[in-house]
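Thanks for coming. Please have the model open.

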Amino acid sequence: TKDENAANITEISSVTTLDEGSEIYVETTELTCSITSLILNPIVTNVTSASYEWSKFDKETGKYNKIGEDKTQTVTEEGVYKLVITDENTGCPAEKEVTITQNINKPTISIKSYDSPSTSESVNRVETQVVTCTNSTLYLETTVSKITDSDEIGYSWSNGSEKFSTEVSSAGTYTVIVTDKANGCTQTASIDITKDENAATISGI
């Protein structure tokens, strides 16, 4: 006779934690700056006792390298992972692969300082980093590129502002941290603002 009830891997779920009650429980196959590790958890049927072997595909050699023998496997790198389970009663194997991707691209940002806000009707905005008597307020603006989703950007300025731009009237170094909320990656930029203290004086009349 032939035992047709071979072990079967119906699915390999990829989650941030196996505790479904946890607030950070997420099912995903993508590693990011905020999700730095994933737990590969197989759903196995038709088996009561089995051995497990996890391996990761090596692009250079074209072969799979063994990485673990537990039922679940924690991974921190992108790649193709394979699980082979062997039914200890029948000796029959079953295997399944899962591909893990990675998105850890940081935003590219820069800061520029102007004498008037971007909403100003003036078309002759001047780029300057010096506070003067005539330009007592400067407008710092962040330019962002290379992000996952332009609608998912977070800004955190050193003066407390959480918008893409901020107003300043004092000399100093101003820093902004930009977060790509889609992958949790951040980038920081700074700009130095000076103040012209050489105000005109009247020595006599």
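Two strands count as paired if DSSP finds at least two bridges between them, and strands themselves are DSSP runs of E with at least two residues, numbered from the N terminus. This is a predicted model, where local features need pLDDT of at least 70, side-chain atom pairs count only at pLDDT 80 or more, and totals for chains, interfaces and linings use all residues. Residues are numbered from 1 along each chain as its sequence is written, and side-chain values use heavy atoms, leaving out hydrogens and water.

Start with strand S15, residues 185-195. Strand S10, residues 130-131, pairs with S15 in the parallel sense over 2 bridges. Valine 131 has lysine 195 as its bridge partner there. S15 also pairs with strand S14, residues 172-180, in the antiparallel sense over 9 bridges. In that pairing, glycine 172 is opposite isoleucine 193. S14 and S15 make a hairpin with 4 residues between them, and glycine 184 in the turn has a positive phi of about 75°.

Next, the open sheet. Its 3 strands are ordered S9-S11-S13 and pair antiparallel. S9 (108-114) and S13 (165-168) are the edge strands, each pairing on one side only. S9 and S11 (residues 138-145) are joined by 7 bridges, and isoleucine 111 has threonine 142 in S11 as its bridge partner.

Last, threonine 32, which lies in strand S2, residues 30-32. Is threonine 32 buried or exposed? Threonine 32 counts as buried because its relative accessibility is 6%; the cut-off for buried is under 20% relative accessible area, with a 1.4 Å probe and protein chains only. Beyond neighbours within four places in sequence, threonine 32 is in contact (heavy atoms within 4.5 Å) with Asn103, Ile104 and Asn183.

How values were computed. Buried < 20%, exposed > 50% of the residue type's maximum accessible area, 1.4 Å probe, protein only.
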